[in-house]
Amino acid sequence: MVTGNGGFLGYVGTFHSPKLGKFYMAAINKNELVKIVTYNGKIYVINYPHSLLEDRINE
C-alpha cells in the first residue's frame, strides 16, 4: 500500500503490486474486482459483481 486504507471498511487509496504497478483501488469485496486502464495508462481497481459481467458477455 502506498497511501490509503487497507482492510478496515474496505480498501481505498493508492496501492502498488509487482503485477499491476501503481494503481488506485476502491473496493469492499476483494473477490469481485475489475481492473480499468485509461487511455493514459492509469489503473483503477473497483468492485463489480461478476454476475453483471457474465450477463454482459452473454448478450
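Student: What makes up the chain in terms of helices and strands?

Tutor: This predicted model has one helix and five strands. Going along the sequence, the pattern reads β-β-β-β-β-α.

Student: How do you know that β4 and β5 are paired?

Tutor: Count the bridges. Pairing takes at least two bridges between the strands, and five join β4 (residues 33-37) to β5 (residues 43-47). So by the cut-off of at least two, they pair, and they run antiparallel. One example to look up: V34 has I46 in β5 as its bridge partner.

Student: What sits between those two strands in the hairpin?

Tutor: Five residues separate β4 from β5 there, and G41 takes a positive phi near 90° in this hairpin.

Student: Why is V12 called partly exposed?

Tutor: V12 lies in strand β2 (residues 10-17). Buried would need under 20% relative accessible area, and exposed over 50%. V12 comes in at 38%, so it counts as partly exposed.

Student: How much of the chain counts as buried?

Tutor: That label goes to residues under 20% relative accessible area, and 22% of the 59 residues get it. As for the surface, the chain's accessible area comes to about 4,700 Å², with 58% belonging to carbon and sulfur atoms.

How values were computed:
Residues are numbered from 1 along each chain as its sequence is written. This is a predicted model: local features need pLDDT of at least 70, side-chain atom pairs count only at pLDDT 80 or more; totals for chains, interfaces and linings use all residues. Side-chain values use heavy atoms; hydrogens and water are left out. Helices (H or I, at least four residues) and strands (E, at least two) are DSSP runs, numbered from the N terminus. Buried means under 20% relative accessible area, exposed over 50%, partly exposed in between (1.4 Å probe, protein chains only). Accessible areas come from the Shrake-Rupley method with a 1.4 Å probe; for residues, only the protein chains shown count as cover.
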